[in-house]
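I opened the file to look up contacts, helices, strands and surface features. My entries follow in the order in which I looked.

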Amino acid sequence: MKHSVLLFFVPLALFAQTPASVPAAARPAPGIADDQVVLAVGAEKITKSQFEAIIATLPANQQSQLTSPAARRKLASELGKLEALATEAKARKLDQDPAVRQMLRMQDESILANAVVKQQMAIDRSNATLLRDYYDKHKDEFDQLKAEHILIRFQGSQVPLRAGEKDLTDAEALARAQEIRQKLVAGGDFAAIAKAESDDTGSGQQGGALPAFGPTDMVPEFFKAASALKPGEISQPVRTQFGYHIIKLESHETKPFDQAQAQIEQKVAQAFVEKLSREFPITLDESYFGKQ
């Protein structure tokens, strides 16, 4: 993504960030003072530490694009445009407009919400016992399955109808899926049949093979049926919103802790958010939102 698109979202409040609050990774090299002014935008003066702090707020892939002097000059140019527009908006008293004030409030709350989650994740990351305990108690959340499948779609499925194929009713799709399963159980070549019969043309061209998947990667009915199989076993037709699936399980393993750690951190963070939500319950006006 071009800098000129993304940099208008740099918060102006960062201009006032003090050097003491700058993340360690954003600090300048030894011998260069943090308070050295490197950019002036009208009356605004931005020190190196503040400029580096702005860079540190960007995603890692965007930060990696800002290592050259030319790229940093581009960033400085965009900050100048941002400040010019903000100054003009204030001159027009847009910062007093109720709609704008509401947007500014939501932006501030969004920044604060992200900051507290980020801080809590750093705290949790340093607590190896907490993360390991979550892993040990929720190992099923880190299941990794490898499987093949053949899909027979029915009327109303989101899966496109293959050229020349009949738009089957639910009953017709089930009957075809059962017929295909019988061929497979009798020794039919799964990959060959998948290529010829599966309405999931993506996996069908791969002989029905699917990438490794976990509990949240598939619709619940599919994952539940696949999890119940033994390696090499073929399922009965499994109905989902896409059609009827015939699943053959290849392997069922649990992701090791070190490979699952990033996922664990996300789940623990989500638990933190849900805990806070319970502590600050939402009360809705049913005359406006309606009843559940």
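**Entry 1. Salt bridges in helices**

With which residue does Lys74 form a salt bridge, and how far apart are the closest N and O atoms? I note before answering that this is a predicted model. The partner is Glu78, and the closest N and O atoms are 3.3 Å apart. I then checked where the pair sits. Lys74 and Glu78 are four residues apart in helix α4, residues 69–91, so about one helical turn separates them.

Next I looked up the cover on each side. Lys74 counts as partly exposed because its relative accessibility is 34%. Glu78 has a relative accessible area of 1%, under the 20% cut-off, so I list Glu78 as buried.

I found another pair in helix α6. Lys137 and Asp133 meet through their side chains in a salt bridge, at 3.3 Å from N to O. Lys137 and Asp133 are four residues apart in α6, residues 128–137, so about one helical turn lies between them. Lys137 is exposed, with a relative accessible area of 61%. Asp133 is partly exposed at 36% relative accessibility.

I then took the salt bridge between the side chains of Lys166 and Glu172, where the N to O distance is 2.9 Å. Lys166 has a relative accessible area of 52%, which is over the 50% cut-off, so Lys166 goes down as exposed. Glu172 is partly exposed, at 30%. I also noted a network in which salt bridges with shared partners join Arg162, Glu165, Arg176 and Asp199. For the whole structure, my search returned 15 salt bridges.

**Entry 2. Lys93**

I wrote down the background: most residues other than glycine have a negative phi. Lys93 lies in the loop between α4 and α5, the latter being residues 98–125. Its relative accessible area is 52%, so Lys93 is exposed.

**Entry 3. Helix α11**

I compared the length of α11 with what its residue count predicts. With 23 residues at 1.5 Å a residue, α11 should span 33 Å, and its end C-alpha atoms are 31 Å apart, which agrees. I also found a kink of about 35° in α11, centred on Gln263.

Which residues of α11 are buried? I list Phe257, Ala260, Ile264, Glu265, Val268, Ala269 and Phe272.

**Entry 4. A nonpolar patch**

I moved on to the loop between α11 (257–279) and α12 (286–289), where Ile282 is placed. Ile282 is exposed, because its relative accessibility is 73% and the cut-off is over 50%. With Leu284, Tyr288 and Phe289, Ile282 makes a nonpolar surface patch of about 550 Å².

**Entry 5. Strand pairs**

I started with β1 (residues 37–41) and β2 (residues 44–47). β1 and β2 pair in the antiparallel sense over four bridges. Leu39 stands opposite Ile46 in β2. The hairpin of β1 and β2 has two residues between the strands, and Gly42 takes a positive phi near 60° there.

How many bridges join β3 and β5, and in which sense do these strands pair? I found 10 bridges between β3 (residues 143–152) and β5 (residues 243–254), in the antiparallel sense. In this pairing I noted Lys146, which stands opposite Ser251 in β5.

β5 also pairs with β4 (residues 238–240), again in the antiparallel sense, over three bridges. Here Thr240 stands opposite Gly243 in β5. I recorded β4 and β5 as a hairpin with two residues between them.

**Entry 6. Leu174 and Arg153**

Leu174 and Arg153 are 21 residues apart in sequence, and their C-alpha atoms are 9.1 Å apart in space. Leu174 lies in helix α7, residues 170–185. With a relative accessible area of 27%, Leu174 is partly exposed.

Definitions and conventions. Residues are numbered from 1 along each chain as its sequence is written. This is a predicted model: local features need pLDDT of at least 70, side-chain atom pairs count only at pLDDT 80 or more; totals for chains, interfaces and linings use all residues. Side-chain values use heavy atoms; hydrogens and water are left out. Two strands pair if DSSP finds at least two bridges between them. Patches are made of residues with over 30% relative accessible area and no salt bridge: like charges are joined within 9 Å, nonpolar side chains (Val, Leu, Ile, Met, Phe, Trp, Tyr) within 5 Å. Accessible areas come from the Shrake-Rupley method with a 1.4 Å probe; for residues, only the protein chains shown count as cover. A salt bridge is a side-chain nitrogen of Lys or Arg within 4 Å of a carboxyl oxygen of Asp or Glu. Buried means under 20% relative accessible area, exposed over 50%, partly exposed in between (1.4 Å probe, protein chains only). The expected span of a helix is 1.5 Å times one less than its number of residues. The bend at a residue is the angle between axes fitted to the seven residues ending there and the seven starting there.
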